[in-house]
Amino acid sequence: MAFKKLSSNNKLSQATLIKHIMKRCSSLGRKQQQHFDDVPKGHFVVYVGHNRSRYVIPIAFLSRPEFQNLLRQAEEEFGFDHDMGLTIPCEEQVFESLTSFLKF
């Protein structure tokens, strides 16, 4: 999977995308609180891969261009207006590599 570099022209759309995601994650947490009791403050849940494996990741990832590309792909493929949680359309191995890279 290739990641596109974001230009500075996309800053407004990035901010809008992040606000939308945070609002969506927040509303999912209220609707399905029992599924999110183990999520520490400053983190959120995403589902990845064909088996929809659950990952708890830092909110700080939202500001990283590499992760924002995944979010755009998620929006294009799945949209954000469903009750299934935020689903990332990539293989788990790729996601784990990316998040390992983002932690530094």
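Biologist: Which residues have the most contacts inside the largest nonpolar core?

Modeller: Val46, Ile57, Phe67, Ile88 and Phe95, in a core of 18 residues. A nonpolar core is a set of buried Ala, Val, Leu, Ile, Met, Phe, Trp, Tyr and Cys residues joined through side-chain atoms within 4.5 Å. β1, β2, α2 (65-77) and α3 (92-102) each supply at least two of its residues. α2 gives the most, with 4. Helices (H or I, at least four residues) and strands (E, at least two) are DSSP runs, numbered from the N terminus.

This is a predicted model: local features need pLDDT of at least 70, side-chain atom pairs count only at pLDDT 80 or more, and totals for chains, interfaces and linings use all residues. Residues are numbered from 1 along each chain as its sequence is written, and side-chain values use heavy atoms, leaving out hydrogens and water.

Biologist: What does isoleucine 57 touch?

Modeller: Gly42, His43, Phe44, Val46, Phe67, Phe95 and Thr99, not counting residues up to four places away in sequence. Contact means heavy atoms within 4.5 Å.

Biologist: Why is threonine 87 called buried?

Modeller: Buried means under 20% relative accessible area, exposed over 50%, partly exposed in between (1.4 Å probe, protein chains only). Threonine 87 has 6%, so it counts as buried. Threonine 87 lies in strand β3 (residues 87-88).

Biologist: What makes arginine 52 partly exposed?

Modeller: Its relative accessible area is 26%, so it falls between the 20% and 50% cut-offs. Arginine 52 sits in the loop between β1 (43-48) and β2 (53-58). Its phi is near 55°, a positive value in a residue other than glycine.
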